[in-house]
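Have a look at the model below and keep it open while you work. Each exercise has a task, followed by a solution in steps.

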Amino acid sequence: MNAVTLAGRATQYGETDGNQTDHDYSLIGGAKVCVTKSVKDVIHCLGGVQVILPILSNVMRDVDVDQHRAIVCEGVYLLVALLDGSRLNQVTLTACDGYALIANLLRSNGQKSLGPALITALDKLRRTGGLEHETSSARVVLDLRLWALADAETQQQHGEYILSLAMKHAEGLRYHLPMSTIIDALEYTPGEAGVKRRRVLLEVLKHLIVGAPTRLVEEAAESIIYLIEECADDEVVGDVLRFLVNLMQPGDVSQHTLNQAFTKYGGPLLALSSH
């Protein structure tokens, strides 16, 4: 029984007349219907969804790497829950450049924050942020400069993640991750230590070249030539040259497209002989 209704109060004090029914309850003065809201519906009252971003920083300095990575992942999943189905929170996070803030917070802690589980969490964030905001929400999980800071295991898994996107959604990935950006990223992991990372990125590049518009392939060819001419790391240049030689073999699906693109710059042999 509810004592804030007339019948409920009478029942509380034993004042029923014996004829009371289950439906004889009406609110008395001062009583209001209670409406509950989920956290994602009221977080704007606390300053907006961005107030939880400090969770992704190094706020707990005494925890070890595994614990810190777990906290960061839980912070991302909290963001996912707040964005899921809430257009207000999706717009708010994009408007405050929240995805760039997330990338900067992760970058400030480098390897301590970047673990394999975070790739899955950030992909979920990308898909929950709203289709109209994907240009911003994809920025973190596709930031090659950021993920170059991760340990070898995480870099390998991130490379496999991007490769899976290239194989399944090449057109969409070209939009969010230009081929010239991938070529530039080859220098982020120089020397023998970066061989695996570079080879995965070159495999991604191969999938993006196939079926790409001529203009984009020509831009990629220009970036490749520039890297060959300017890069001081022989390991990086060697990987790129081997990549080109393999792609230009007769019968390769990319051979004709690349030949056409390099013709604009004097032909493939001139590009290859420039180093």
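Predicted model: local features only at pLDDT ≥ 70, side-chain atom pairs only at ≥ 80, totals over all residues.

Residues are numbered from 1 along each chain as its sequence is written, and side-chain values use heavy atoms, with hydrogens and water left out.

**Exercise 1. The overall picture**

- Step 1: Count the DSSP runs (helices are H or I, at least four residues; strands are E, at least two; numbering starts at the N terminus).
- Step 2: Apply the burial cut-offs (buried is under 20% relative accessible area, exposed over 50%, partly exposed in between, with a 1.4 Å probe and protein chains only).
- Step 3: Turn to contacts (heavy atoms within 4.5 Å). Among those between residues at least 6 apart in sequence, 67% join residues at least 24 apart.

**Exercise 2. The core**

Name the residues that touch the most other members of the largest nonpolar core.

- Step 1: The largest one has 69 residues.
- Step 2: Inspect L118, leaving out residues up to four places away in sequence: its partners are V72, C73, V76, L106, S113 and W147.

**Exercise 3. A helix pair**

At what angle do helix 6 and helix 9 pack?

- Step 1: Helix 6 (residues 116–128) and helix 9 pack at about 35 degrees, and their axes are 8 Å apart.
- Step 2: List the contacts. P116, I119, D123 and R126 of helix 6 meet E153, T154, Q157, H158 and Y161 of helix 9.
- Step 3: Sort them by class (Ala, Val, Leu, Ile, Met, Phe, Trp, Tyr, Cys and Pro are nonpolar; Asp, Glu, Lys and Arg are charged; the others, Gly among them, are polar). This contact has three nonpolar, three polar and three charged residues.

**Exercise 4. A covered helix and a loop residue**

Which residues of helix 7 are buried, and where does D97 lie?

- Step 1: In helix 7 (residues 134–141), six of the eight residues are buried: E134, S136, S137, A138, V140 and V141.
- Step 2: Their cover includes helix 4, helix 5, helix 6, helix 8, helix 9 and helix 10.
- Step 3: D97 sits in the loop between helix 4 (87–95) and helix 5 (98–109). Its phi is near 60 degrees, a positive value in a residue other than glycine.

**Exercise 5. Two pockets**

Which helix supplies the largest share of the lining of the largest pocket?

- Step 1: Find the pockets (on a 1 Å grid over the protein atoms alone, open sets of points where a 1.4 Å probe fits, with protein on both sides within 12 Å along at least five of seven lines; lining residues have an atom within 4 Å of a point). The largest holds about 200 Å³, a volume being the space filled by probe spheres set on the points, which are joined across faces, edges and corners.
- Step 2: Ten residues line it, with L202, E203, R242, F243 and N246 nearest its centre. Helix 14 gives the largest share, five residues.
- Step 3: The second largest pocket has about 170 Å³, and helix 9 gives the most to its lining, three residues.

Note on methods: Core = buried A, V, L, I, M, F, W, Y, C linked by side-chain atoms within 4.5 Å. Axes fitted to C-alpha atoms, helices over the stretch in contact; angles between N-to-C directions.
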